[in-house]
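Dear colleague,

I am passing on the structure we spoke about, and below it you will find a short account of what came out of going through it. Please read the account with the structure open beside you.

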Amino acid sequence: MSEMNLYLAIALIPLVGSLLAGLFGKQIGRAGAHTVTILGVGISTVLSGWVLYGFLNGTRTRFDENVYTWLTMGGLDFSVGFLVDTLTAMMMVVVTSVSLMVHIYTIGYMHDEKVGYQRFFSYISLFTFSMLMLVMSNNFIQLFFGWEAVGLVSYLLIGFYFKRESAIFANLKAFLVNRVGDFGFLLGIGLVLAYFGSSLRYADVFAYLPNVQNATIQLFPGMEWSLMTVTCLLLFVGAMGKSAQFPLHVWLPDSMEGPTPISALIHAATMVTAGLFMVSRMSPMYEMSSTALSVIMVVGAITALFMGFLGTIQNDIKRVVAYSTLSQLGYMTVALGASAYSIAMFHVMTHAFFKALLFLAAGSAIIGMHHDQDMRHMGNLKKYMPITWITMLIGNLSLIGTPFFAGFYSKDSIIEAAHASTLPGSGFAYFAVLASVFVTAFYAFRQYFMVFHGKEKWRELPEHHDKHHDDGHHHGLGKNDNPHESPWVVTLPLILLAIPSVIIGYIAIEPMLYGDFFKDVIFVNHEVHPTMALLKEEFHGPLAMVAHSLHTPVLYLAVAGVVSAWILYVKAPHLPAKIAAAFSPVYKLLDNKYYLDTIYFNVFAKGSRALGNFFWKVGDTAIIDNGIVNGSAKLVGAVAAQIRKMQTGFIYTYAAAMVFGVLVLIGMTFWHLFAG
């Protein structure tokens with residue numbers, strides 16, 4: 001198989017599975033739909049693994065070719081092409097492997113769905129195709145196609161239960177917030193096209209960068225801005241939307257309205273990592289703007305800390321993990337701002353495995369609780385669901401950065417990168433990611449203790465406490481009901497995801513961060529941004545990194561977070577309510593998510609509606625309809641009504657008018673003669 005055919009197969013086979021399940025779902029049935037989609041994504045996973053293995057053993061080289069030219073306009077080619085290097089290969093493996101686990105898991109999770117089963121498999125396979133097209137693109141047009149495609153499919157997936165008002169609101173919110181980010185992204189691509197050599201192919205743009213390194217652009221009269229800074233910031237606005245960075249993060253927690261497999265797919269390895277991947281791919285551009293990097297670092301630090309605070313008060317098991325995703329995306333963004341692109345992508349990989357594990361384990365607990373997601377109704381599930389218990393424990397240990405677990409190596413590296421950075425804002429970023437260690441450990445083990453330890457709280461609730469939901473399911477266990485472990489199609493993906501959540505960090509840290517894995521793929525100006533060079537000098541292997549952690553505050557902050565959660569939710573479960581009452585203003589602020597949703601709804605949503613009404617009533621109705629269209633007709637009618645009175649039908653009236661006209665002509669003639 002030629003390289004081109006190999007890459008076409010990796011991208012297109014999930015699309016074929018999606019089309020078969022979507023268009024012929026009734027004919028092939030439920031089993032046929034999940035078989036063709038799982039087979040398609042499975043083949044892509046194997047082939048992606050083969051591609052990555054080729055890069056690791058040196059038998060495969062960088063591939064950058066066009067598949068075909070879609071449009072030629074004014075000397076500019078809009079092409080579909082593939083750029084496959086180590087960064088792409090790593091993302092391909094992460095996307096396809098996590099997607100495969102989600103596909104298998106979905107068989108068990110969606111087993112009781114009476115309608116939409118085939119549609120759901122079609123959507124998640126289409127999502128995989130869209131993400132592959134994004135990460136494999138070699139030009140901005142194809143990147144934008146994949147960017148918009150994952151946004152569209154996520155809209156369909158979040159609103160899968162389209163009869164729920166909350167799901168309709170959530171998918172519309174996700175769609176609109178991402179359009180805000182995408183508007184900035186499109187403007188950034190427009191600047192690239194206008195000023196960076198009239199080409200949208202990455203290789204051509206990067207080669208042209210020295211010509212525009214010091215170029216400026218006039219955004220307002222008398223105000224010159226660095227072209228590189230403006231372009232990078234506009235592209236990052238797109239990343240803020242896709243990767244849910246403050247203040248464009250508000251869509252992600254509400255996306256929990258979709259089924260749990262979607263939460264894992266969107267939040268773990270795919271859509272939310274698109275912005276991080278894009279910035280890493282554009283590292284030659286971002287290295288030319290320290291201002292843009294500082295902005296990125298500060299935005300990431302705000303997201304990491306303040307979104308983590310929101311996770312500490314959530315009672316929905318999925319929303320805790322969702323706010324965890326927001327916080328971890330902030331960590332990755334801080335790494336990008338510190339020019340530690342390889343560390344950001346390393347955390348993208350480790351996070352993909354343990355976050356998918358956490359979401360799917362949460363879904364398994366929800367199945368055991370008969371679709372009740374409220375952690376206040378759970379407790380002591382470890383007795384009934386041992387596999388779910390141990391896998392979620394592994395996921396949480398990796399999340400909080402426990403030594404030897406995958407998350408430890410990537411998360412600690414980000415903290416060290418923030419500490420080593422000298423850019424403006426790095427001090428705040430270091431404080432934020434350090435404080436987030438305690439916050440992360442607290443909310444992660446708050447969830448763990450509430451779900452798997454303590455009293456079996458559903459037995460204390462009224463019978464059928466959550467009777468029926470809009471999706472038609474009866475929710476919640478009765479007082480005499482016992483949870484049960486999920487079927488193997490649910491637990492097998494948990495076990496398979498738990499393995500890399502433990503070992504992948506130890507294996508990959510040295511080659512990915514300090515070896516040649518990203519050589520000639522990610523570019524860093526070590527003279528201006530020496531962070532990675534400093535970290536390389538201090539790195540002495542993964543075991544030495546664990547030993548070093550014993551002398552840093554990071555490990556002790558994590559332990560303090562776990563102990564605090566244990567005291568408050570196991571030993572003294574009456575204290576959280578008292579603390580919330582004592583700090584009611586703070587609790588209210590967090591419960592209302594910093595009032596950002598309220599501000600957006602009242603200012604932007606209602607403001608847009610009021611502005612639309614103004615343009616409709618004043619512009620459309622008053623000016624255009626009544627003024628221009630109807631007004632013209634009324635004016636003609638009024639003039640005609642007056643002129644009509646002159647049409648008397650008497651000869652002497654017409655004769656007088658003719659004489660008057662002749663006199664006027666004679667007068668004008670004499671005036672011209674004497675005036676000339």
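**Helix packing and a buried aspartate**

In this model, which is predicted, α3 packs with helix α11 (residues 274-281) at an angle of about 170°, and their axes lie 11 Å apart. Since angles over 145 degrees count as roughly antiparallel, α3 is therefore roughly antiparallel to α11. On the side of α3 the contact is made by Leu-87, Thr-88 and Met-91, while α11 brings Phe-277, Ser-280 and Arg-281 to it.

Asp-85 has a relative accessible area of 2%, and because buried means under 20%, Asp-85 counts as buried. The side chain of Asp-85 reaches the backbone nitrogen of Leu-87 at 3.2 Å, and Leu-87 is also one of the α3 residues in the contact with α11. Leaving aside residues up to four places away in sequence, Asp-85 touches Phe-55, Arg-62, Arg-281 and Val-521, and of these Arg-281 belongs to the α11 side of the helix contact.

As for the chain as a whole, the domain assignment gives domain 1 (3-460 + 483-572) and domain 2 (598-673), and the centres of domain 1 and domain 2, taken over C-alpha atoms, are separated by 61 Å.

How values were computed:
Residues numbered from 1 in each chain as written. Predicted model: local features only at pLDDT ≥ 70, side-chain atom pairs only at ≥ 80, totals over all residues. Heavy atoms only, no water. Buried < 20%, exposed > 50% of the residue type's maximum accessible area, 1.4 Å probe, protein only. Polar contact = N/O pair within 3.5 Å; in protein donor to acceptor, adjacent residues only side chain to side chain. Contact = heavy atoms within 4.5 Å. Domains from an automatic or database assignment. Axes fitted to C-alpha atoms, helices over the stretch in contact; angles between N-to-C directions. Helix = DSSP H or I, 4+ residues; strand = E, 2+ residues; numbered from the N terminus. Parallel < 35°, antiparallel > 145°, perpendicular 65-115°, else oblique.
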